[in-house]
Amino acid sequence: MDTLTAWLTKVRSLLAPALLHCLICGKTSRPAAGLHGICAGCEEAIPWIRQPRCQKCGRHVGCPDCSRSGQAVPIVCNRSAVAYTSVMREMLGQYKYRGNEQLAPLLGSMLDRAYIRLKAERERGQQGTAEIQKAESAFTGPFFPGIQSARNRRWQADLLVPVPVSESRFVERGFNQAERLADVLSGRRGIPQLPLLVRTHHTGKQSFKHRAERIADMKHAFAGNPDGAVLLQFEVWLETLGKRTRPLQIIIVDDIYTTGSTIRACAETIRTLCNDYGKVAEIYSLTWARS
Ligand SMILES: [Zn+2]
Ligand SMILES: [Zn+2]
């Protein structure tokens, strides 16, 4: 009997999930089922964006921004993993401002879910908005209706480009938060990443600015990376694609999408860079949170 009790206790302890020290709330608790490093309670509190209300910017609530300007947007769409609630703000703050770099794998795996959703959307071809269809018909042409669906059956991004941080921000934080997230996604999906962009000037803390100020500020904030080694990598990468005629599928990676001005400015720069090499690019953005 004693041996049976001992045996049962052992089996129970093997079956019961080990407790962990949660990266978010700091408590010792039952681990989450789907994410590493956090407790089940914190996992349940994550405000995933499963069905974006705005197909363009991936926002979870009604979105006046995308319909307001009426001007062409240089990205196909943005998708974000989570809504930027106060809990998520706290989490990003720990990662970004308090230099808790060990949160990168967690946030990166959350971003990966947004990638999986984007991939599924592209493959289903349910990107219904008129602008997107127009942008795509410009590449596939009205005479080749089959190309679009064949392409979408196995959609995959070709390249990840992280949003760069300024030199001073980099020194302050010790890492580029967007690049770390892109690293995780790159490792999980086998998609190469290249730091194609640099910041041209210090734009100041965006969080203290109004929408119009941010947009004006961002217009010329980015340029192609002048680093010869990076450009060489880019050229080698373009070579590996061979004579493929479909547009390059490029994803800009960042931690947060607020007004979209950063993403738009980055997309414009990438588009110009690709055009310089005679390539057409379809540009997306994946951001960890949508505010
Ligand atoms: Zn927790
Ligand atoms: Zn929108």
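A residue is called buried if its relative accessible area is under 20%, exposed if over 50%, and partly exposed in between (1.4 Å probe, protein chains only). With that in hand, take Arg 169: at 13% relative accessibility, Arg 169 counts as buried.

Before going on, a word about what you're looking at. This is a predicted model, where local features need pLDDT of at least 70 and side-chain atom pairs count only at pLDDT 80 or more, while totals for chains, interfaces and linings use all residues. Residues are numbered from 1 along each chain as its sequence is written, chains are lettered from A and ligands numbered from 1 in the order in which they are written, and side-chain values use heavy atoms, with hydrogens and water left out.

Back to Arg 169 and Glu 172. They form a salt bridge, with their closest N and O atoms 3.7 Å apart. The term stands for a side-chain nitrogen of Lys or Arg within 4 Å of a carboxyl oxygen of Asp or Glu. Both residues sit in helix α8 (residues 167-173), and because they are three residues apart there, about one helical turn separates them. Helices (H or I, at least four residues) and strands (E, at least two) are DSSP runs, numbered from the N terminus.

Glu 123 is partly exposed at 29%, and Lys 119 is partly exposed at 25%.

Now for a pair that reaches across the sequence. Arg 244 and Asp 158 also meet through their side chains in a salt bridge (2.9 Å, N to O). Arg 244 lies in the loop between α11 (228-240) and β7 (248-257), and Asp 158 in the loop between α7 (145-153) and β4 (159-162), so the pair ties together parts that are 86 residues apart in sequence. Asp 158 is buried, with a relative accessible area of 9%, whereas Arg 244 is partly exposed at 28%. Salt bridges can link up too: Glu 101, Arg 180 and Asp 183 are joined in a network of them. In all, the count comes to eleven salt bridges.

Next, the metals. Which residues hold the zinc ion called ligand 1? Cys 22, Cys 25, Cys 39 and Cys 42 coordinate it, each through its SG atom, at 2.3 to 2.4 Å. Such donors are N, O and S atoms within 2.8 Å of the metal (3.2 Å for Na, K and Ca); water is not among the atoms, so sites may look incomplete. Along the chain, the donors of ligand 1 follow the spacing C-x2-C-x13-C-x2-C. Cys 25 lies in the loop between β1 (20-21) and β2 (28-29) and Cys 42 in helix α2 (residues 40-44), so this pair ties together parts that are 17 residues apart in sequence. Cys 25 is partly exposed at 34%, but Cys 42 is buried at 15%. The angles among the four donor atoms of ligand 1 run from 104 to 116 degrees, making the site tetrahedral. For four donors, that label needs all angles to lie between 85 and 135 degrees.

The zinc ion called ligand 2 has its own set of cysteines. Its protein donors are the SG atoms of Cys 54, Cys 57, Cys 63 and Cys 66, lying 2.2 to 2.3 Å from it. The spacing here reads C-x2-C-x5-C-x2-C, and with angles of 103 to 121 degrees this site is tetrahedral. Cys 63 is buried at 17%, while Cys 66 is partly exposed at 27%.

Let's look inside. All six residues of strand β3 (residues 78-83) are buried, so the strand is largely enclosed by the rest of the structure. Five bridges join β3 to strand β8 (residues 281-290), and the two run parallel; strands pair if DSSP finds at least two bridges between them. Within this pairing, Val 82 stands opposite Ala 289 in β8. Trp 48, found in the loop between α2 and α3 (64-69), is buried at 13%. The C-alpha atoms of Trp 48 and Ala 83 are separated by 6.4 Å, although the two residues are 35 apart along the chain.

Finally, another tryptophan: Trp 7, in helix α1 (residues 2-15), is exposed at 53%.

Definitions and conventions. Four donors count as tetrahedral if all angles lie between 85 and 135 degrees; four count as square planar and six as octahedral if opposite donors are over 155 degrees apart and all others between 65 and 115; anything else is irregular.
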